[in-house]
Amino acid sequence: MKDFRVLSLLAATLALTTSCTVGPDYRPPAVDTPADWAETSAVGNQDRSAASTERLARWWSSFADPTLDNLVGEAIANNHDVRIAAQRVIEARADRTIAAAGGEPTLSATASAQRSRQSTAMTLSPLGGVANSFAAGFDASWEVDLFGKTRRSVEAADATVEAAIWNRRAVLVSLLGELGTDYTALRAAQERIAIAERTIAADQDALDLAQQKFDHGLGTELDTAQARAELEQVKASLPQLETQVAQNAHALAVLLGKQPGTLLASLQVPAAMPLAPPTLPVTIPSELLRNRPDIRQSERSLAAANAEIGVAVANLFPSFTISPSLGLDAGKLNKLLTGSGVTWGVGASLGQPIYNGGALDAAVDKATAVTEQDRLTYEQTVLKAFAEVEDALVALGNERQRHDRLGRTVDANRVALQRATELYRAGLSPFINVVNSEKNLFGAEDSLAQSDQTLTQQTVALYKALGGGWQESADDGMEKTTTR
């Protein structure tokens with residue numbers, strides 16, 4: 001037993017005094033960020049106060065739409081993509097436990113009992129001999145992490161866990177952006193249906209007027225034909241819009257983890273389209289690196305790949321394993337627990353790869369190349385994120401200008417229709433002017449509704465590009481610190 005303790009102490013001392021961690025230590029890549037966005041002037045009023053961060057975290061609440069709030073809550077809880085991403089976090093944590101176990105001793109217990117009869121030729125007895133054997137013990141094995149293979153594996157696993165957490169948050173950002181876009185499209189289609197129905201009512205009045213004048217000999221058959229054609233043209237737009245309502249309701253239900261038809265009854269009831277708020281929480285570019293989950297995920301993947309270089313390098317060096325054992329062995333059960341039945345042993349092995357056809361060197365080259373790929377991917381992810389924000393800012397700013405002009409167009413067309421109708425009633429203008437004015441007003445109002453939709457969807461796109469939304473459910477346990 002004394003020899004056993006001495007050898008174990010020597011092995012532990014060897015591990016503490018000679019161990020090192022090979023491979024490159026990780027340093028986060030530096031990112032050149034602009035001082036401000038190039039397109040900030042396009043978007044108009046911006047909020048960069050401390051409260052803007054909270055607004056960005058719950059961006060959907062800025063639309064003051066209770067239905068949208070409820071949909072968001074259900075989607076966060078039940079969306080299948082989010083739940084799948086959560087399971088990947090659990091998987092990554094399990095892999096981390098497996099990696100950490102490589103640095104711990106393995107211990108196994110054994111017990112056996114045997115009764116055997118020997119031949120008469122061996123015992124010189126006509127009845128032969130009967131022997132009993134009882135044994136119990138523990139076997140252990142410990143690979144000393146001299147060159148940091150296990151430490152690098154755990155480092156890679158820790159970064160992978162964090163990457164999985166950020167991936168789940170990136171899925172949340174995409175989910176909420178898609179939900180906001182689909183919900184806006186549904187309400188926009190309902191608004192366009194309402195515009196079409198108002199126009200149909202006005203066109204019917206115009207048709208009645210043309211028919212009345214024709215019946216009294218004051219109009220022509222051409223007038224009634226033109227009125228009827230305009231009426232049917234507007235009616236023809238309804239089925240397509242109704243399809244959009246149903247399809248977006250189906251898409252929203254799937255985002256909530258439900259059957260496609262589940263939300264039809266509730267969402268087919270018309271409601272106002274959520275309108276973009278006048279002031280937007282636009283963060284500075286450097287904040288984007290902290291807010292965008294896809295950027296954080298990419299950086300953590302790079303850290304994991306860098307650690308894997310150390311694992312590959314460590315495989316080039318010797319491995320040292322200690323295998324102690326302690327047991328009891330006796331021919332009689334009552335002797336098993338006595339001191340005379342104790343057995344022990346200590347073994348040590350040293351392994352050094354000599355020739356493997358260059359496989360280990362190639363593994364180092366591969367890990368290095370993967371790390372460089374991940375570094376370039378990270379840089380590309382940052383650039384794309386900046387571009388998405390700039391695109392959203394300029395699109396939002398330009399759409400606001402278009403929206404203002406469309407509003408003035410609608411006002412002018414309403415006046416034109418009123419005047420054309422008055423002149424036709426007085427017999428001072430042909431009916432075609434009424435038809436054209438109605439057509440122009442319907443087109444302008446429909447375009448204005450589509451511009452409202454675009455404004456809201458571009459606002460959602462900006463929130464998504466800025467990395468908003470995941471913060472609302474970040475305290476769900478997914479960010480639990482990995483035990484080191």
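Ring pairs join W59, W60, F63 and Y463 into a cluster. Here, rings of Phe, Tyr and Trp (its six-membered ring) pair if their centres lie within 6.5 Å. This is a predicted model, in which local features need pLDDT of at least 70, side-chain atom pairs count only at pLDDT 80 or more, and totals for chains, interfaces and linings use all residues. Residues are numbered from 1 along each chain as its sequence is written, and side-chain values use heavy atoms, with hydrogens and water left out.

Let's look at one pair in the cluster. The ring centres of W59 and Y463 are 5.5 Å apart and the planes lie at 20°, so this pair is stacked (planes under 30 degrees apart count as stacked, over 60 as edge-to-face and the rest as tilted). The two residues are 404 apart in the chain: W59 is in the loop between α3 (50–57) and α4 (66–78), while Y463 belongs to helix α14 (residues 431–465). Helices here are DSSP runs (H or I, at least four residues), numbered from the N terminus.

Are W59 and Y463 buried or exposed? W59 counts as buried at 2% relative accessibility, and Y463 is buried too, at 1%. Buried means under 20% relative accessible area, exposed over 50%, and partly exposed in between (1.4 Å probe, protein chains only).

Next come charges over rings, where NZ of Lys or CZ of Arg is within 6 Å of the ring centre and within 35 degrees of the ring normal.

| Charged residue | Ring | Distance from ring centre |
|---|---|---|
| R169 | W166 | 4.5 Å |
| K213 | Y424 | 4.1 Å |
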